[in-house]
Structure formats: C-alpha cells, structure tokens
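Work through the exercises below with the sequence and the 3D structure at hand. Try each task before reading its solution.

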Amino acid sequence: MGAVTVWVEQNRIVKAENQGTIFRGFEIMLEGRDPLDAPYLTQRICGICSSAYGVASCRALEDIAGVQPPDNALLTRNIILGLDTIQNHLRQFYMLYLWDWVAPPPQNPFKGGYTRDYRLPAGLTARFRERYWAGVDFARQAHEALALLGGKIPHTHGIVPGGVSLVPTGDLARELDRRVKKIGDFLEHCYCPDTLLLQQYYPEYMEIGKGSPNYISHGFFPEPRQGDVFPAGAALEGQKEELSLELIEENQRYSWYRGNSGPPHGGKTVPDPDRPGAYSWTRAPRYRGLACQGGPLARRIIRGDRPPGGNAVMDRMISRAEEALEISRLIGRWLEQIEPEKPGLLPFTLPPSGKGVGTTEAM
C-alpha cells in the first residue's frame, strides 16, 4: 500500500517521494449508499485502526441529525477506541519496529534483516526475543477485550450511529476491567521500560528522524461534560492555537487525481493515473498550507506533556508507550463512570439531505 523512494547524492538525501501505491476509492464506494452504512464501510479502510473510522463516520451522521449520543455511548466508544489504540501501539513496537534495534532470531520468518549495528548484549537480545511473543500476545488480548463490546475485530459492530450496540455493565464490565489491568501491567513493566532501554542503547535517535515542527490534533477521547482527554489544537513553530477545520486542505499536486487542492468536503475523487508529475494515490493533508505531525507525540505536545522541540524517532516511539499506559488507566475510569440504568443508544432519523463533519484521532 505504501512505499518511499529516495534519491541520494554524496551520502545525502536530495529528493524523496512518499507513495501510496494502491487506489482505494472509498469516497466512490459510499456514493449512492444508505448513509448509515458509512461506519461499516469506512472501517474497511484499515485493519489495524478500523474503530477510528467508525467513530468519525458516526459523528458525521450525528452532526447531520443534530443529536448527541448518551454519556454511556461516549464512554463505551472511548473504551473500544482505547483498546484498539493499545493493540496498535503494541503491534507497532513489537511486530513492526523491534527488529530494527534487536538482532532477530536466526530462523524464518525473522532472518534476513540488518547485518550490523545491533548493540544490545546477548542477554538483553534473548530477553527481547521472548518479549516479542509477549507483546504480540498482549496485543491479541486487547483485541479480544474489544470484541466483547464490538462482536468482532477488526471492523467492529459495536460503534453505531447514535451510540453503541452494547454498554459494558455488571459481569462484562468486571471482566473488561480484569483484562485491561492485566494488559496495563505489561505496558507499565515491559513496554514502557523496553522503549527507554532502546533509547539508552541508541541515544542518537533522539536527534535522528526529526520532522516538521508543526503539530495537529483533532481531539481524542471525549468525556461527558469534561472535553477531550487529548484536546484538539495546533502547534505551529512552537505557537499553539485552536484548531480550525476550515484551514485543512487536501493537497493533490503530486496525486493521481484530477482537479486542484482544497478542503476535504469540497473535493471530488476522479482518478487520473496519467497525470504529469504525479506519483501517489494519496493526497497530502495540510494545515495553513503546512505539513504537520499527528499521532501520539503531537497529542502530548498539544496537551503540554512534552516540549515541541523533541520530535525525533525515539520521541515518537516513547510517546506511543506513554499513551498506551495512560489509556489503560483511563479505561478503568470510564468503566466506573458508566451508569447501568441509562441507555447507550439514541436512535434518530436522518433528514432528506444535509452535511455533517466527524473527526477523531487515529492511533
């Protein structure tokens, strides 16, 4: 689905292309369908962060209808999205990231990686190889816990327009709490220390990989009458400001589509694979015309947990671990706040026509 091509001259990168190699066309798939299908169809955009698309689609539909889901629905959606975020962070570190730093086992499917600059001593290498399997297993456990609420994962049925299909109360709430505490113990005593250990052995990656000094967050995990746990906002060159969705555009200068760049709600998806100068099926999001970082590091910077200057490889990696641990603790709070006697769904009827916007953060 993705590729990066770089041109190197005299040991310096002089040009780079970040390419989306597959045409998806979900906007076209949605045309002519019942709008209430959107939460199910858009989740198919991704198999490892699907719940975020379900939440955003439901919020857009609720915006059209002018309704606010019940408090129990907000809390349950947070639990679903929180568990999905935890499994995502764990898989990113242990499945997709670890063997960049630790010498992998010498057998398939692991062999064939780098051949130099593995710095961990033999004892730590052996421990990380075991930790890999534990990380994969705890990511699976987070998905299993999510399935208790959503029926299946990925592409859960638990997030529906107007709320959720099931509110965790009684035995289910206690079972979720038990599972999340077990996962949280691994996050606290293994995942977070593992990231700091790699920082210790590869300290230059606190400088390598620094990106844009601009950050954006759409807000993450809204709590009833409390606002978002991670607030919406932008931080541009160290200056924070309120987020304005009107300042977001999809730049398609190098994309295989007809037409000009513009706001997401004003665009059309018209493929043009022969467009001169284009090299990607993805569009480039911009805020005030600037490329901005999103994700865990951006969320923590905008909330004030981290200074905006540190945005190298290790900053992003450590921010994921910190966020996963915080979310595991938040889930316990959300379970306590659910009121069993109150509903988790507000049925509604969409008007014949209308426009709505739904945003959330993804993992």
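**Exercise 1.** Is Ser280 buried or exposed? Describe its surroundings as well.

Solution. The model is a predicted one. Begin by placing the residue: Ser280 sits in the loop that runs between strand E10 (248–251) and strand E11 (284–287). Next, take its relative accessible area, which is 2%. The cut-off for buried is under 20%, so Ser280 is buried, at 2%. Then list the neighbours. Leaving out residues up to four places away in sequence, Ser280 touches Asn18, Gln19, Gly20, Tyr254, Ser255 and Trp256. With Gly20 there is also a polar contact: a polar atom of the Ser280 side chain lies 2.8 Å from the backbone nitrogen of Gly20.

**Exercise 2.** In which sense do strands E6 and E7 pair, and over how many bridges? Describe the turn too.

Solution. Locate the strands first: E6 covers residues 220–223 and E7 covers residues 227–230. Their pairing is antiparallel, over 3 bridges. Now look at the connection. E6 and E7 form a hairpin with 3 residues between them. In that turn, Arg225 has a positive phi of about 60°.

**Exercise 3.** What is the strand order of the open sheet that contains E5? Find its edges and the helix that packs on it.

Solution. Strands of a sheet pair through backbone hydrogen bonds, either parallel or antiparallel. Here 3 strands are arranged in the order E5-E8-E9, with antiparallel pairing. The edge strands are E5 (214–217) and E9 (239–241), since each pairs on one side only. Neighbouring strands of this sheet are turned by 10° against each other on average, direction ignored. Strand E8 (residues 233–236) pairs with E9 over 3 bridges, and the bridge partner of Leu236 in E9 is Gln239. Finally, helix H7 (residues 296–303) packs on the sheet and touches E5, E8 and E9. The direction of H7 makes about 90° with that of E5.

**Exercise 4.** How are helices H6 and H8 oriented to each other: roughly parallel or roughly antiparallel?

Solution. Two packed helices are described by the angle between their axes and the distance between the axes. For H6 (residues 170–201) and H8 (residues 313–337), the angle is about 160° and the axes are 9 Å apart. Angles over 145 degrees count as roughly antiparallel, and H6 and H8 are therefore roughly antiparallel to each other.

Definitions and conventions. Residues are numbered from 1 along each chain as its sequence is written. This is a predicted model: local features need pLDDT of at least 70, side-chain atom pairs count only at pLDDT 80 or more; totals for chains, interfaces and linings use all residues. Side-chain values use heavy atoms; hydrogens and water are left out. Helices (H or I, at least four residues) and strands (E, at least two) are DSSP runs, numbered from the N terminus. Buried means under 20% relative accessible area, exposed over 50%, partly exposed in between (1.4 Å probe, protein chains only). A polar contact is a pair of N or O atoms within 3.5 Å; within protein, one must be able to donate a hydrogen and the other to accept it, and residues adjacent in sequence count only if both atoms are side-chain atoms. Contact means heavy atoms within 4.5 Å. Two strands pair if DSSP finds at least two bridges between them. Axes are lines fitted to C-alpha atoms, for helices over the stretch in contact, and angles run from 0 to 180 degrees between N-to-C directions. Angles under 35 degrees count as roughly parallel, over 145 as roughly antiparallel, 65 to 115 as roughly perpendicular and the rest as oblique.
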